[in-house]
Amino acid sequence: MRFSPVAVALSLTLAIASSAGQGQRPDDQINPKSVALVQQADAARRAGNLVGANDLLETALAVDPRNRAAFIALAGVARQQELPGKAIRLYREALALEPNDTAALAGQGEAMVQKGAVERARANLARIKTLCKVDCAPATELSAAIVKGPPPAVVTAQATTVVPPKGKEATTTRP
């Protein structure tokens, strides 16, 4: 008699927990509408419509947030728009879904090079090489991006000369 309330509570907990898992889809089953949106976005990106591709990919992720291909494609669009920080974050989201995705690791490494974080990109390259075991396309592409290096920093601001009060020297400042 003393164990019956505990046994009832435990059986209810197990019944609720087991029924919750039955209604979920497996991770490898992506919503077909999300997949179709990624394909439409790819066509828009190839046509040069980056904004339209971005919108379609965000919609694909709203339909199914487990669509790793949508994260990778959205990160690629961000790189084309010269937004490496956003691309790195999106590749990280894809890697959270599948940590051993060599395409996501290579893309993230290329975005890191674009941002100037070459050492972090080299860490991604080392990880890709351990996953591939032999030379593979993602390793070759990232290696070429690392050799090329980050784009040169463009300084658009010009020096400004400050005229001091009498008796002091003029100083030049850069914003």
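**Disulfide and helix pairs**

Modeller: The torsion about the S-S bond of C132 and C136 is about 75°, so this disulfide is right-handed. The model is predicted, so local features need pLDDT of at least 70 and side-chain atom pairs pLDDT 80 or more, while totals for chains, interfaces and linings use all residues. Residues count from 1 along each chain as its sequence is written, and side-chain values use heavy atoms, without hydrogens and water.

Colleague: How far apart are the sulfur atoms of C132 and C136?

Modeller: They sit 2.1 Å apart; a disulfide here is a pair of cysteine sulfur atoms within 2.5 Å.

Colleague: And how many disulfides does the structure hold?

Modeller: One.

Colleague: Is C132 buried or exposed?

Modeller: C132 is buried, and C136 is too (buried means under 20% relative accessible area, with a 1.4 Å probe and protein chains only).

Colleague: Switching to helices: at what angle do α7 and α8 pack?

Modeller: About 160°, with the axes of α7 (residues 118-132) and α8 (residues 137-148) 10 Å apart. That's why they count as roughly antiparallel (angles over 145 degrees, on a scale from 0 to 180 between N-to-C directions).

Colleague: Which residues of α7 and α8 meet?

Modeller: Among them, L125 and I128 in α7, and L142 and I146 in α8; contact means heavy atoms within 4.5 Å.

Colleague: What about α2 and α3, what's the angle there?

Modeller: Helix α2 (residues 32-46) packs on α3 (residues 50-63) at about 170°, axes 8 Å apart. So α2 is roughly antiparallel to α3.

Note on methods. Helix = DSSP H or I, 4+ residues; strand = E, 2+ residues; numbered from the N terminus. Parallel < 35°, antiparallel > 145°, perpendicular 65-115°, else oblique. Buried < 20%, exposed > 50% of the residue type's maximum accessible area, 1.4 Å probe, protein only.
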